[in-house]
Amino acid sequence: MAMALAQADRAAAAGEVPVGAVVVATGGRLVGAGHNLRESAQDPTAHAEMIALRAAARTLGSWRLEDCTLYVTLEPCPMCAGALVNARVARLCYGCDDPKAGAVRTLYRLLEDSRLNHRVIVTSGVAAAECADRLRQFFAKLRQPPI
């Protein structure tokens, strides 16, 4: 999760919502990393998870990420949760819950839905305080009136 937090810090430094993600293959090899780029890229799909999954697929030469774990600082949204299912990611470890868009445990439970063709093992609350703190600080700074 430390690598995902570092990606979140890169996002914040670029003025993006501080969410970071990394994909780790069996054996601990980092195969993909990303942070939010929606504002910079003006791309609604440029979430940290999507960028990390794309990088992992390029690195591994396959869209099937069956032996991989995604670490992300914020609970994935419906789009990203769907991408995890479609990529056949084995495991997800995420930091803090997302009460507005969480599709893993908060609003929806897409990764364990038996109607889908794949299920993902989930570990939530990994470094949750650090992950949530980055988001709180970012949004508090945005709400400050200009001097």
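Predicted model: local features only at pLDDT ≥ 70, side-chain atom pairs only at ≥ 80, totals over all residues.

Tutor: Residues are numbered from 1 along each chain as its sequence is written, and side-chain values use heavy atoms, with hydrogens and water left out.

Student: How many bridges join E1 to E2?
Tutor: Strands of a sheet pair through backbone hydrogen bonds, either parallel or antiparallel. In E2, His35 is the bridge partner of Gly20. The hairpin of E1 and E2 has 3 residues between the strands, and Gly27 takes a positive phi near 95° there. E1 and E2 run antiparallel, and the number of bridges joining them is 6.

Student: Which residue of E3 is the bridge partner of Val23?
Tutor: E1 and E3 run antiparallel and are joined by 5 bridges. Within E3, the partner of Val23 is Leu70.

Student: Do E4 and E5 run parallel or antiparallel?
Tutor: Arg91 stands opposite Ile121 in E5. Strand E4 (residues 91-96) is joined to E5 by 3 bridges, and the direction of the two is parallel.

Student: How many residues of E1 are buried?
Tutor: Buried means under 20% relative accessible area, exposed over 50%, and partly exposed in between (1.4 Å probe, protein chains only). Gly20, Val22 and Val24 point one way from E1, whereas Ala21, Val23 and Ala25 point the other way, and all are buried. E1 is thus described as mostly covered, the number of buried residues being 6 of 6.

Student: At what angle do the axes of H1 and H5 cross?
Tutor: Axes are lines fitted to C-alpha atoms, for helices over the stretch in contact, and angles run from 0 to 180 degrees between N-to-C directions. Angles under 35 degrees count as roughly parallel, over 145 as roughly antiparallel, 65 to 115 as roughly perpendicular and the rest as oblique. H1 and H5 are therefore roughly parallel to each other. The axes of H1 (residues 2-13) and H5 (residues 128-143) come within 11 Å and cross at roughly 5°.

Student: Which residues of H5 make the contact with H1?
Tutor: Contact means heavy atoms within 4.5 Å. H1 contributes Leu5, Ala8, Asp9 and Ala12 to the contact, and H5 contributes Glu130, Cys131, Arg134 and Phe138.

Student: Which residues touch the most other members of the largest nonpolar core?
Tutor: A nonpolar core is a set of buried Ala, Val, Leu, Ile, Met, Phe, Trp, Tyr and Cys residues joined through side-chain atoms within 4.5 Å. The largest core has 39 residues, and those touching the most other members are Val23, Leu70, Leu84, Leu92 and Leu111. Elements that each supply at least two residues of this core include H1, H3 (48-60), H4 (78-86) and H5.

Student: Is His118 buried or exposed?
Tutor: His118 is placed in the loop between E4 and E5. Leaving aside residues up to four places away in sequence, His118 touches Leu84, Val85, Arg88, Val89 and Leu111. With a relative accessibility of 17%, His118 counts as buried.

Student: What is the phi of Arg88?
Tutor: Most residues other than glycine have a negative phi, and most peptide bonds are trans. Arg88 is found in the loop between H4 and E4, and at 23% relative accessibility Arg88 counts as partly exposed. The phi of Arg88 is positive, in a residue other than glycine, with a value near 60°.

Student: Where is Ala127 found, given its positive phi?
Tutor: Ala127 has a phi of about 55° although it is not a glycine. With a relative accessible area of 23%, Ala127 is partly exposed. Its place is the loop between E5 and H5.

Key
Helix = DSSP H or I, 4+ residues; strand = E, 2+ residues; numbered from the N terminus. Pairing = 2+ DSSP bridges.
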